[in-house]
Amino acid sequence: MCRSRLSNILLHDALFALSILACAVCASSATAQSNDGPEVLTTAAAIRSLTPVQAAQQLPIRLVGCFISREDNSFAMQDETDGIFVFTQPGFPIDALPGDLIEVIGVTNPGDYAPCASATSIRTIGKTKIPEPIPATIADLHTGQMDVAWVEVTGIVRSVKIGPNPIPQHPREGESPEEVASRNLYTQLKLADGNSHVVVEMQEVLDPSMYLDAKVRLRGHCFYLHNSNRQFVRPILHTPRGIKPEILVQPLHRDFEGTPTSVSSLFTFDHTGGTPGHRVHVRGVVIHQRQGKALWIRDKNQSLRVQTSQDTALQPGDIVDVLGFPELGTYSPLLEDSEFRKRGDGAPPIPVDLEGLNMISWHDSDLVRLEAKLLEVQRYPESVELTLEGLNTTVRASLLTGSDQIELPDWRPNSVVSVTGIATVGEGETIPLNGLWWSESLHISLRSPSDLAIITPAPWWTPKRISYVLAAVLAVALGAIAVVVLLSRNRLREQKQQRALAESEFSAILNERNRVAREIHDTLAQNIGAISVQLEMVRTDAKNLSETTQRHIKTAHSLARTALTDARDSIWNMRSQVLEKYDLEGALKRITTQLTEDSEVEVTTKVLGKQRRLPPVVENNLLRVGQEAITNACKHANATRITVQISYGERRVELVVSDDGDGFNTQQVSPEANRSFGLVGMRERVELLGGKFEITSSKGQGTQILVSVGD
């Protein structure tokens, strides 16, 4: 029974409460048109020509036609223009029989697929002949344009099933329960014509042996299964009670004991025309079975897929006879609507080893085996899909697991495997227009997880694991970098604190040295200077003194001048007031000028980089190193040209003092010479700053002193 009619019955019952008033008006004036109301529609064709929106307006109708078939709370009728489906209220009495001439009064109904009618009054007004059906093919029914059409089709009966009617039949007056149960049985046929199929629901109980595999002609109403968008899905035929199929060609009556047909002979050229569409009998060895759905068999020359709902369990190696209807498969024929019978036991079939791509065309639906490289494993709720590389092409394989999610072996990509299973060839491939089709694609259905055996396991170093290791190494490296950065920050913080402490200490020392220098300058140096002046005056007026006295005065004057010079040198060494007024370059220029103002020494000062003030401790020590180097060049090296170069880097400063003096062998400098030249003091100052101190010199080639420190 067409399930769409059940939904129509439930969905449209509510429309009758709204249509009572319109139906009462139509019933009181069945043959007249209201002066103010809409026109009464009187033909099925007029109703079916409405749009769903128009039919939903519940336009009044009055139809006269032949009653053909009845459903629960609905029926089909035919007038001279078309067939139409009519709904009634639940429990509404319908006493008409097929062939009765009836009058229906009601309103239009949009239906769920095609416009139909809702009746509030049904009256039998006589008898008539059931109209001649529309000749149609099963393919015509699949156009979706023959809803409720009374048609006549021809086809071969593929299956006959007898069971209870899905729509219970209500007892009639005086009818016994046994008669109701008998009337409640119905027959469902599957009718085929070429590649087109249709299900037929009959209110009669048929003898399967008379109709299975027979070519029949039958009449019925075409109804459509449709979706919620009013779109056609598939047709179904419904025949009223009392109408049986007319047998045109008797069944071939093939049975399990007859001579079987070879699988290789199916769909081959036969100059006699053969018996297309009818059942065939084949015999073979079971390769595999999906119980209640399909099985695969192999005869002497070829294998075959058999679709069957028979639930009898079979084992690989069983010998079976099969009766079924040949159908075109993707590449090779198959059998549909089949039944089978076990004939005997046998050894499980041996898979065919595929050694080249050209072999797959001969082994469609056969048990095959090949060696391949596993590329990918994808797991889905009810299957596992595998991608393999074998036979110089890509091979697809699948294993049905059901909803149980069976435990699988450790199938890892890049393994070399042996795959055994049922071959399906020709899927997803461009088919030539004519001539021989050599298939070049292969799909393998695994029967169980044991059908895939590992020959060579995949290497442990898979891309996934490599990525994990690299990620771990990267994480460790990032952690190490973070630790180093943290330690470096702590060290820089400590160095900054130490430098701040050193600068604070140096600033205190420097202030104290300046104070002492001022005290010496203001007291000792002034007094010695005064003594020197007095001795000079005495010396000027010492003509009348003895020679010995004059000599002593001269010696005292010389000692006073020497003491004054030493005091001034001490003041100079202790004070850094020159850096209070000038930067490093300016301070070195002033020192150079003081040291060379009474000589012919030429001094050049260069500055490279972006000039800036340096921390006091760095600036003071570089000044003292430069002062010592310039003093050595003037006093000891007999230099005529001195070059002072200061280079400012991003975080470092470099001082180079070079001269063209006598030079010396740096490898043979005595400790006394080191002390006399001040080299030890210069090196100690640079080491105090954590810098680099280098002396480059040789006899007659001058001397270069390089100091590089961070600021």
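Guide: Let's start with glutamine 203, whose side chain makes a polar contact of 3.0 Å with the side chain of histidine 238. A polar contact is a pair of N or O atoms within 3.5 Å; within protein, one must be able to donate a hydrogen and the other to accept it, and residues adjacent in sequence count only if both atoms are side-chain atoms. This is a predicted model, where local features need pLDDT of at least 70 and side-chain atom pairs count only at pLDDT 80 or more, while totals for chains, interfaces and linings use all residues. Residues are numbered from 1 along each chain as its sequence is written, and side-chain values use heavy atoms, leaving out hydrogens and water.

Glutamine 203 sits in the loop that runs between strand E9 (196-202) and helix H7 (208-211); helices (H or I, at least four residues) and strands (E, at least two) are DSSP runs, numbered from the N terminus. With a relative accessible area of 7%, glutamine 203 is buried (buried is under 20%, exposed over 50%, partly exposed in between, with a 1.4 Å probe and protein chains only).

Another buried residue is histidine 281, at 2% relative accessible area, in strand E13 (residues 280-290). Its side chain has a polar contact of 2.8 Å with the side chain of aspartate 321, and a polar atom of that histidine 281 side chain lies 3.5 Å from the backbone oxygen of aspartate 255. Leaving out residues up to four places away in sequence, histidine 281 also touches others, including Phe256, Thr259 and Leu323 (contact means heavy atoms within 4.5 Å).

Now for the nonpolar side. The largest nonpolar core has 31 residues, and those touching the most other members are Leu584, Leu622, Ile642, Leu655, Val707 and Val709. Such a core is a set of buried Ala, Val, Leu, Ile, Met, Phe, Trp, Tyr and Cys residues joined through side-chain atoms within 4.5 Å. Helix H12 (616-635) and strand E29 (703-710) are among the elements giving it two or more residues, and H12 contributes the most, with 8. Beyond its neighbours within four places in sequence, leucine 622 is in contact with Leu584, Leu614, Val653, Leu655, Val707 and Val709. Apart from this core lies another, of 27 residues, with Met146, Leu191, Val198 and Val216 among them.

Leu679, Met682 and Val686 are buried in H14. Seen down the axis of H14, its buried residues fall within an arc of 65°, so they line one face of the helix (the arc is that of the directions from the helix axis to the C-beta atoms). The face turned away from that buried side carries the exposed Glu687 and Leu688. Just after H14, glycine 690 has a positive phi of about 75°.

Next, lysine 692 belongs to strand E28 (residues 692-697) and is partly exposed, at 40% relative accessibility. Lysine 692 and valine 707 are 15 residues apart in sequence, yet 5.7 Å apart in space, C-alpha to C-alpha.

Finally, the whole protein: it has 14 helices and 29 strands, and 41% of its 711 residues count as buried. The average pLDDT is 83, and 82% of the residues score at least 70 (pLDDT is the predictor's confidence in each residue, from 0 to 100). Over residues 1-35 the pLDDT is below 50.
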